[in-house]
Amino acid sequence: MLETDKAWFAGIIDGEGCISLIKRGEHFVPSVKISNTNELLINKCKQVLSEAGIEFLVRYSDRGERKNAKPAWEIVLESRPRTTAVLNLILPYLVSKKEQAILVLDWCSQDVRKKTDTETNFIPNIRALNHRGRVK
């Protein structure tokens, strides 16, 4: 895989992606998601992930009744192996989401099976990093 493709993909994650830990029942799952309305961009992301041998899911939404909304695609990578693979691939090139990537990689490398450990040590940090709106 070309280094330029890795760098390009990192830029897409920085601008259009989300790196997080998602609660699924009693457990947390590491997650990387990319959402966009440009099918060409989504297809390039799929190509990069396929070349890297990383499995992913693509969701499509026609946006229903919203008259002024374009159809959108979402690429979803969930699970320790997938998330670890993609974050290790792009970590050197990330800028704005580098802290989230490091935090999620740290979580993935530990045997964090207890909900309380994750909620105490990781969730407050990832929420603060992913917070939207003005910082007070």
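**Reading the sheet in a predicted model**

Visitor: What makes strand 3 and strand 4 a pair?

Guide: Two strands pair if there are at least two bridges between them, and five bridges join strand 3 to strand 4, residues 72-78, in an antiparallel run; they therefore count as paired. Tyr60 also has a counterpart in strand 4, standing opposite Trp73.

Visitor: Why are strand 1 and strand 3 called edge strands?

Guide: The four strands form an open sheet in the order 1-2-4-3, with antiparallel pairing, and strand 1 (17-24) and strand 3 (57-61) each pair on one side only. Neighbouring strands of this sheet are turned by 30 degrees against each other on average, direction ignored.

Visitor: What makes strand 4 mostly covered?

Guide: A residue is called buried when its relative accessible area is under 20%, and six of the seven residues of strand 4 are buried, so the strand is described as mostly covered.

Visitor: Which helices lie across the strands, and at what angles do they run?

Guide: Helix 2 (residues 39-51) lies across strand 2 (27-36), strand 3 and strand 4, running at about 20 degrees to strand 4, while helix 6 (residues 123-130) lies across strand 1 and strand 2, at about 145 degrees to strand 1.

Terms used. Residues are numbered from 1 along each chain as its sequence is written. This is a predicted model: local features need pLDDT of at least 70, side-chain atom pairs count only at pLDDT 80 or more; totals for chains, interfaces and linings use all residues. Side-chain values use heavy atoms; hydrogens and water are left out. Helices (H or I, at least four residues) and strands (E, at least two) are DSSP runs, numbered from the N terminus. Axes are lines fitted to C-alpha atoms, for helices over the stretch in contact, and angles run from 0 to 180 degrees between N-to-C directions. Contact means heavy atoms within 4.5 Å. Buried means under 20% relative accessible area, exposed over 50%, partly exposed in between (1.4 Å probe, protein chains only).
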